[in-house]
Each structure stands twice: as C-alpha cells, then as structure tokens.
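Welcome! Here is a short briefing for someone meeting this structure for the first time. Please have a look at the picture before reading on.

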Amino acid sequence: MSAAGTHASVKADILIEVRGLKKYFPVTKGIFTERVVGWLKAVNGIDFSVCRGETFGLVGESGCGKTTTLKCILLMERPTGGSVFFEGKDILSLMGDSFSDYRRSLQVVMQDPTSALNPRMRVEEIVSEPMIAQSKVPKNIVKDRVAEVLTAVGLSQDSALLYPHEFSGGQRQRIAVARALSSHPKCIILDEPVSALDVSIQAQIMNLLKDIQSQFELTYIMIGHDLAVVKHMSTRIGVMYLGKLVEIAESEELYSKPLHPYTQALLSAALPSHPDAQRKEIVLLGEVPSPLNPPPGCRFHPRCQHAKQSCSEVEPSMQEMCPGHWVACNLDT
C-alpha cells in the first residue's frame with residue numbers, strides 16, 4: 001500500500017492526492033527529421049497526499065523532480081502517467097466550470113518576485129488578475145478584495161496604485177502573496193518563496209505565510225533547497241531523489257530520525273540549527289546518475305555507502321517503518 005493511500009487513515013480530509021505520477025520528456029535527435037532516441041524520466045512514479053490545512057514540503061537536489069511534480073499538479077505539464085486528484089476528482093478530467101474552479105483554487109508564489117510581477121501593471125491589476133482571469137467579477141468586488149488582501153499581507157491600500165519597481169524585494173514578495181490570495185484559493189504552491197530575499201527579510205515572509213495560512217485556512221505545498229526554511233514551514237516533508245520519493249515523514253520526525261541514507265546525507269550537509277551542535281558529516285561519492293538512464297534497483301545505490309547486492313537488483317517500495325514515517329530502502333526491509 002502506498003504512502004498516499006495509508007495517510008488517509010491518519011487524516012481523512014485529503015485535498016490533493018498524487019498516485020503513480022510520471023512525467024517523461026522525449027529526447028530527440030536529428031535536424032530535418034527528428035526522432036525520439038530516449039526519455040528523460042523527470043518524475044517516475046510517486047505517491048503522496050496533502051491534507052487540508054497542512055504544509056507539505058518537497059526537498060532534494062536540483063533536478064530531482066520537485067518542480068516538475070508541481071507543474072503536473074498545476075497542469076503546466078501534462079503527466080505521462082498516473083493521476084492527480086483534487087478533492088477526490090481527477091484533474092485531467094475537469095472541464096468547463098470545474099476546470100476554472102480548479103485553476104482558481106490553486107495559486108503559486110514564485111521564488112523571484114521581481115520577475116514574477118509585470119513591471120507595466122499597477123499593483124491593483126497584478127493582484128486582481130487571478131480573480132478576473134477565469135470569471136467576470138464586478139469592479140466593486142475586485143476593489144474590495146484587493147484592499148482586503150493587501151491589508152492581510154501588511155501593505156497599505158494606497159499600494160494598489162503603485163508599480164512593482166516602487167517597492168523593496170520583501171514588499172514585492174508580499175504583493176505576490178496578495179495576488180495568490182485574491183482568488184480565494186484552497187492551496188498555494190510555494191516555489192522557494194524566500195530564497196531570493198535577504199536573510200533579514202526571510203523570517204518576516206515566513207511568519208506572514210504562516211499567519212495567512214491560519215487566517216484563510218490555506219493548504220501549502222512547498223519546495224526548497226534551504227532545509228531549515230522547509231523544516232520551519234512544513235508539517236510533513238517528502239524527500240526526492242532522481243524522480244522518486246525516498247522518504248516521507250512529519251517534519252520533526254524526519255529531521256531527528258532520518259531513515260534513508262540519502263536523507264541522512266542531505267541533512268548532514270545542511271547548516272546546523274546551532275553553531276555548537278554536533279553532527280556527523282556524510283560525503284556522497286560520485287555524481288547524480290542521469291535521469292535518461294537511471295540505475296536499476298534503488299536509484300541511490302551507486303552513491304550509498306551501505307548498499308548491498310539486492311540494492312542494485314530490487315527497486316524498494318515505500319514501507320511504513322513507524323506511524324506516519326515512510327521510507328523506500330532495501331536496508332530497512
């Protein structure tokens with residue numbers, strides 16, 4: 001049984017459920033007559049669920065499939081295989097008003113607010129864009145909603161008449177958050193929302209995100225490279241490696257008792273929570289294998305110092321090692 005399915009027994013109110021999700025990109029060769037010579041397996045069969053009101057974090061090295069996973073959820077990329085369910089409905093089957101409702105229910109906050117905001121649009125236009133993109137909304141409703149969300153993110157209502165370049169980086173990210181809020185979403189995708197900000201501003205934005213999550217009863221899916229930020233924000237965390245989920249657990253449980261060798265190495269490379277904290281450094285040998293031709297068995301076995309013979313032959317499945325803590329590793333089975 002998958003981690004996605006069994007988590008329902010812990011929290012029955014699942015908002016998003018991913019089952020066997022795959023996304024392959026064709027690799028072509030030829031100038032005049034292109035032919036497919038292989039497939040880049042960016043996401044290769046993953047399962048997880050996200051419950052209402054929680055923050056689900058996705059971590060892993062660059063190229064592991066985090067962003068592609070979120071693009072499939074947002075339908076910016078069409079999955080090669082598997083399913084994504086939103087409130088129990090397969091998103092690929094949504095049409096008409098149902099599809100518009102889904103688009104409004106999921107919004108995104110990108111990592112770089114400068115490139116995410118149109119410099120030629122006033123803040124009022126930027127913030128109201130998700131509201132009016134999928135349906136006709138009266139002007140007075142739009143104006144009131146813009147004022148409401150700007151206040152919620154700590155900006156004055158007069159900000160609506162200004163342009164993005166008139167704000168600091170932290171304020172521009174607040175505008176991006178306000179835009180995501182405007183359409184009354186149920187879930188917001190956070191794509192490294194503080195990585196482009198000064199350290200002094202990061203804590204403010206993280207606290208803001210937590211406050212509005214409580215105020216507007218939001219669900220978050222967050223990806224990031226800064227493990228301390230993901231830990232601070234997330235309820236549960238999934239660890240990805242080469243297109244596969246290798247571990248899922250509650251945030252505190254994952255950081256205090258990582259079970260997969262890759263998770264252990266990832267955490268050992270992160271900055272400690274305290275300068276005097278003692279930790280064992282784990283050095284990974286070799287490079288991340290190509291997703292064009294992933295290793296047989298466990299994808300991590302060529303770099304794992306604990307690998308045994310079966311690791312190169314048998315692909316491990318997700319197993320629940322203790323309540324809510326799932327790991328895909330032949331060493332633990």
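Is Thr28 buried, partly exposed or exposed? With a relative accessible area of 39%, Thr28 is partly exposed; buried means under 20% relative accessible area, exposed over 50%, and partly exposed in between, using a 1.4 Å probe and protein chains only. Keep in mind that this is a predicted model, in which local features need pLDDT of at least 70 and side-chain atom pairs count only at pLDDT 80 or more, while totals for chains, interfaces and linings use all residues. Residues are numbered from 1 along each chain as its sequence is written, and side-chain values use heavy atoms, with hydrogens and water left out.

**Around Thr28**

- Thr28 belongs to strand β1 (residues 14-29); helices (H or I, at least four residues) and strands (E, at least two) are DSSP runs, numbered from the N terminus.
- From C-alpha to C-alpha, Thr28 and Gly38 are 7.2 Å apart in space, and they are ten residues apart in sequence.
- Apart from neighbours within four places in sequence, Thr28 is in contact with Glu34, Arg35, Val36 and Val37, where contact means heavy atoms within 4.5 Å.

**Helices that pack together**

- Helix α7 (residues 169-181) and helix α8 (residues 199-216) have axes 11 Å apart and pack at an angle of about 20 degrees. Axes here are lines fitted to C-alpha atoms, for helices over the stretch in contact, and angles run from 0 to 180 degrees between N-to-C directions.
- α7 and α8 are therefore roughly parallel to each other. Angles under 35 degrees count as roughly parallel, over 145 as roughly antiparallel, 65 to 115 as roughly perpendicular and the rest as oblique.
- On the α7 side, the contact is made by Gly170, Gln173, Arg174, Val177 and Leu181, and on the α8 side by Ile201, Gln204, Ile205, Leu208, Leu209, Ile212 and Phe216.
- The axes of α6 and α8 come within 11 Å and cross at roughly 130 degrees, which makes α6 oblique to α8.
- Arg145, Glu148 and Ala152 of α6 meet Leu208, Ile212, Gln215 and Phe216 of α8 in this contact.

**Buried helix residues**

- Helix α2 (residues 66-73) is largely enclosed by the rest of the structure, because six of its eight residues are buried.
- Those buried residues of α2 are Lys66, Thr68, Thr69, Leu70, Cys72 and Ile73.
- Just after α2 comes Leu75, with a positive phi of about 60 degrees.
- In helix α5 (residues 123-133), Val123, Ile126, Val127, Ser128, Pro130 and Met131 are the buried residues. Their cover includes α3 (96-105), β6 (106-109), α6 (139-152) and α7.

**Aromatic pairs**

- The whole structure holds five aromatic pairs. Rings of Phe, Tyr and Trp (its six-membered ring) pair if their centres lie within 6.5 Å; planes under 30 degrees apart count as stacked, over 60 as edge-to-face and the rest as tilted.
- Phe48 and Phe56 form a stacked pair, 4.9 Å centre to centre with 5 degrees between the planes, and both Phe48 and Phe56 are buried.
- Tyr262 and Phe300 make an edge-to-face pair, because their ring centres are 5.4 Å apart and their planes are at 65 degrees.
- Tyr262 lies in helix α11 (residues 261-268) and Phe300 in the loop between α11 and β11 (319-322), so the pair ties together parts that are 38 residues apart in sequence.
- Tyr262 counts as buried at 0% relative accessibility, and Phe300 is buried with a relative accessible area of 2%.
- Ring pairs also link Tyr241, Tyr262 and Phe300 into a cluster.
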